[in-house]
Amino acid sequence: MSKTSEIKVNIALDENNVPEKLTWTAQDGGVNNEEAKTVLLSIWDAKAKETLRIDLWTKDMPVDEMKIFFHQTLVAMTDTFQRATGDEKMAGAMTDFCDYFAEKLELKKE
C-alpha cells in the first residue's frame, strides 16, 4: 500500500451511554472535528458474508430531520447500488421505493 487514509468518529456519551455529541474528522476530505447528529456505518465482513453495522444518533436529533436523513441515505444507497452492480432494473425499483418513502413521509411537494 502506498497511501492510507483515516476517518475518525468521536462519540461523547451521557451517563447512560447515550450519544450526546458526534464529531468526525476526515483530513483527506478537508473535514476536521465537524459535528454531526447521526452516523450510519455499514461494513462488509467477507469471511462471515454479513454486514456489520453501527447506527448512532444524538438524543437531540430531531425526528423530522431523521426522516430526511433516511430518505437521502436511501437515495444515495440506490445510486451506489447502481454504480457498483450496473443493475439498472433494480436501481429503478429502488428509486421508485425512495419516491414512495418521500411521498408517505410528505418530504416532497407535488
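**Exercise 1. Aromatic rings in helix H2**

Task: In this predicted model, determine how far apart along helix H2 phenylalanine 97 and tyrosine 100 lie, and classify the pair that their rings form.

Solution. 
Step 1. Helix H2 covers residues 88-104, and phenylalanine 97 and tyrosine 100 are 3 residues apart within it, so about one helical turn separates them.
Step 2. Ring centres must lie within 6.5 Å to count as a pair. For phenylalanine 97 and tyrosine 100 the distance from centre to centre is 6.3 Å.
Step 3. Planes under 30 degrees apart would be stacked and those over 60 edge-to-face, the rest being tilted. With 40 degrees between the planes, the pair of phenylalanine 97 and tyrosine 100 is tilted.
Step 4. Phenylalanine 97 has a relative accessible area of 42% and is partly exposed; tyrosine 100, at 47%, is partly exposed.
Step 5. Phenylalanine 97 also forms a tilted pair with phenylalanine 101, at 6.0 Å centre to centre and 55 degrees between the planes. These two residues are 4 positions apart in helix H2, about one turn of the helix.

**Exercise 2. A nonpolar patch**

Task: Identify the residues of the nonpolar surface patch, and find which element supplies the largest share.

Solution. 
Step 1. The patch consists of Ile7, Val9, Ile11, Leu13 and Trp24, which together have about 450 Å² of accessible area.
Step 2. E1 contributes 3 residues, the largest share of the nonpolar patch.
Step 3. Valine 9 lies in strand E1, and its relative accessibility of 39% makes it partly exposed.

**Exercise 3. The hairpin of E4 and E5**

Task: Characterise the pairing of strands E4 and E5 and the turn between them.

Solution. 
Step 1. Strand E4 (residues 38-45) and strand E5 (residues 50-57) run antiparallel and are joined by 8 bridges.
Step 2. Within this pairing, isoleucine 43 stands opposite leucine 52 in E5.
Step 3. The hairpin has 4 residues between E4 and E5, and lysine 49 in the turn has a positive phi of about 55 degrees.

**Exercise 4. Salt bridges**

Task: State how many salt bridges the whole structure contains, then examine those of lysine 3, lysine 59 and aspartate 79.

Solution. 
Step 1. The search of the whole structure finds 8 salt bridges.
Step 2. Lysine 3 forms a salt bridge with aspartate 28, with 3.9 Å between the closest N and O atoms. Lysine 3 lies in the segment before E1 and aspartate 28 in the loop between E2 and E3, so the pair ties together parts 25 residues apart in sequence. Both lysine 3 and aspartate 28 are exposed.
Step 3. Lysine 59 forms a salt bridge with glutamate 20, the closest N and O atoms being 3.3 Å apart. Because lysine 59 belongs to the loop between E5 and helix H1 (63-85) and glutamate 20 to strand E2, this pair ties together parts that are 39 residues apart in sequence. Glutamate 20 is partly exposed, at 40% relative accessible area.
Step 4. Asp14, Glu20 and Lys59 are linked in a network of salt bridges.
Step 5. Aspartate 79 and arginine 83 meet in a salt bridge at 3.1 Å, N to O. They both lie in helix H1, 4 residues apart, about one turn of the helix. Aspartate 79 is partly exposed at 41% relative accessible area, whereas arginine 83, at 58%, is exposed.

How values were computed. Residues numbered from 1 in each chain as written. Predicted model: local features only at pLDDT ≥ 70, side-chain atom pairs only at ≥ 80, totals over all residues. Heavy atoms only, no water. Buried < 20%, exposed > 50% of the residue type's maximum accessible area, 1.4 Å probe, protein only. Patch = residues over 30% accessible without salt bridge, like charges linked within 9 Å, V, L, I, M, F, W, Y side chains within 5 Å. Areas by Shrake-Rupley, 256 points an atom, 1.4 Å probe, with all protein chains shown as cover. Salt bridge = Lys/Arg side-chain N within 4 Å of Asp/Glu carboxyl O. Pairing = 2+ DSSP bridges.
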